[in-house]
Amino acid sequence: MTGPDPRSSASRPPVRILLCDDHAVVRAGLLALLASAPGIEVVGEAGGGEEAVVLAARLRPDVVLMDLQLGPGMDGIEATRRIVAEAAARTGSSRTTPTAAVRTAAGAERGSPYVLVLTTYDTDADITRAIEAGATGYLLKAERPEELFSAIRAAAEGRTTLSPPVASRVMARARGAARPSLTDRERDILGQLARGLGNREIARALFISEATVKTHLGRIYDKLGVDTRAGAVAVAKEQRLLP
């Protein structure tokens, strides 16, 4: 088995990085570390969220390496949200996932930077807020350098990378949210809904008022993330929620 062709890596433009961390010593260490990585180039550094937003718009890096806690002023979450929002506004479309060659060769015409969080914090709240803000990946500073380099290259392609502890938390939350918790009455109404009954018929079958049926249907819709009867039945069948 032969290894990767070094000529293909050499001919590919480097992944351009904007580094954001409020600790000068940490930035210096990361700069030295990233300088040793082939195919990665740091094009700017920021000591705060506001500066990171400005530099991201001006430099158009492939990846913004973002810390979360940035001292006074804008934190990493808000900076991420603004960078992603401004990039989307520039492109006029939702985020796509082009190849690395396209991402790094497009220059000023390239759509937008991806944000890779690099932090010491791995609480559920931090992870959720970062992902909701638009971060492509979430890496802990305790990871090995090789993992950081790999995550940067993945982020440049729009691929998600999570540190193992973070991935475990995300999966645990996903499993917990996979099956909505319905009350017995909501399950009863959902079962009647699956039979194709209308609100009046459901009310008669369960000996409750139509107003009560409507109230329960609203709660069912909210829990299942739908807004139609057909959608509720479809999700209920998919998640095996029917009695």
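Q: To start, how much of the protein chain counts as buried?
A: This is a predicted model, and of the 243 residues of its protein chain, 40% count as buried.

Q: And what does the secondary structure come to?
A: The protein chain comes to 12 helices and five strands.

Q: Among contacts between residues at least 6 apart in sequence, what share joins residues at least 24 apart?
A: That share is 63% for the protein chain.

Q: Let's look at some helices, then. How do α9 and α10 cross?
A: Helix α9, which covers residues 184-194, and helix α10, which covers residues 199-206, have axes that come within 10 Å and cross at roughly 130 degrees. The two helices are therefore oblique to each other, and the crossing of α9 and α10 is right-handed.

Q: Which residues make that contact?
A: From α9 the contact takes R185, D188, I189, Q192 and L193, while α10 brings I202, A205 and L206. Sorted by kind, the residues of this contact between α9 and α10 divide into five nonpolar, one polar and two charged.

Q: Staying with α10, which of its residues are buried?
A: In α10 the buried residues are N199, I202, A203 and L206. Seen down the axis of α10, these buried residues fall within an arc of 100 degrees, so they line one face of the helix.

Q: What is on the other side of α10?
A: There you find R200 and R204, which are exposed.

Q: And what do the buried residues of α10 pack against?
A: They pack against α9, against α11, which spans 210-224, and against α12, which spans 229-238.

Q: What about α9 and α11, at what angle do those two pack?
A: The angle between α9 and α11 is about 90 degrees, and their axes are 10 Å apart. That makes α9 roughly perpendicular to α11.

Q: Which residues meet there?
A: On the α9 side they are R185, E186, I189, L190 and L193, and these meet V213, H216, L217, R219, I220 and K223 in α11. The residues of this contact of α9 with α11 divide into six nonpolar, one polar and four charged.

Q: Going back to the end of α10, what follows it?
A: The residue that follows α10 is F207, whose phi is positive, near 60 degrees. F207 has this positive phi although it is not a glycine, and its place is in the loop between α10 and α11.

Q: Is F207 buried or exposed?
A: F207 is exposed, because its relative accessible area is 75%, and the cut-off for exposed is over 50%.

Q: What is phi like at R60?
A: Phi of R60 is near 50 degrees, a positive value in a residue other than glycine. R60 is found in the loop between α3, residues 49-59, and β3, residues 63-66.

Q: How accessible is R60?
A: R60 has a relative accessibility of 23%, so it counts as partly exposed, a class that lies between the buried limit of under 20% and the exposed limit of over 50%.

Q: Changing topic, where is D126, and what does it touch?
A: D126 has its place in helix α6, which covers residues 124-133. Not counting residues up to four places away in sequence, D126 touches L68, I77, Y121 and Y138.

Q: Why is D126 classed as buried?
A: The relative accessible area of D126 is 9%, so it is buried, given that the class takes in values under 20%.

Q: How far apart are D126 and Y138?
A: D126 and Y138 are 12 residues apart in sequence, and from C-alpha to C-alpha they are 9.9 Å apart in space.

Key. Residues are numbered from 1 along each chain as its sequence is written. This is a predicted model: local features need pLDDT of at least 70, side-chain atom pairs count only at pLDDT 80 or more; totals for chains, interfaces and linings use all residues. Side-chain values use heavy atoms; hydrogens and water are left out. Axes are lines fitted to C-alpha atoms, for helices over the stretch in contact, and angles run from 0 to 180 degrees between N-to-C directions. Helices (H or I, at least four residues) and strands (E, at least two) are DSSP runs, numbered from the N terminus. Angles under 35 degrees count as roughly parallel, over 145 as roughly antiparallel, 65 to 115 as roughly perpendicular and the rest as oblique. A crossing is left-handed if the near helix is turned anticlockwise from the far one by less than a right angle, and right-handed if clockwise. Contact means heavy atoms within 4.5 Å. Ala, Val, Leu, Ile, Met, Phe, Trp, Tyr, Cys and Pro count as nonpolar, Asp, Glu, Lys and Arg as charged, and the others, Gly among them, as polar. Buried means under 20% relative accessible area, exposed over 50%, partly exposed in between (1.4 Å probe, protein chains only). The arc is that of the directions from the helix axis to the C-beta atoms.
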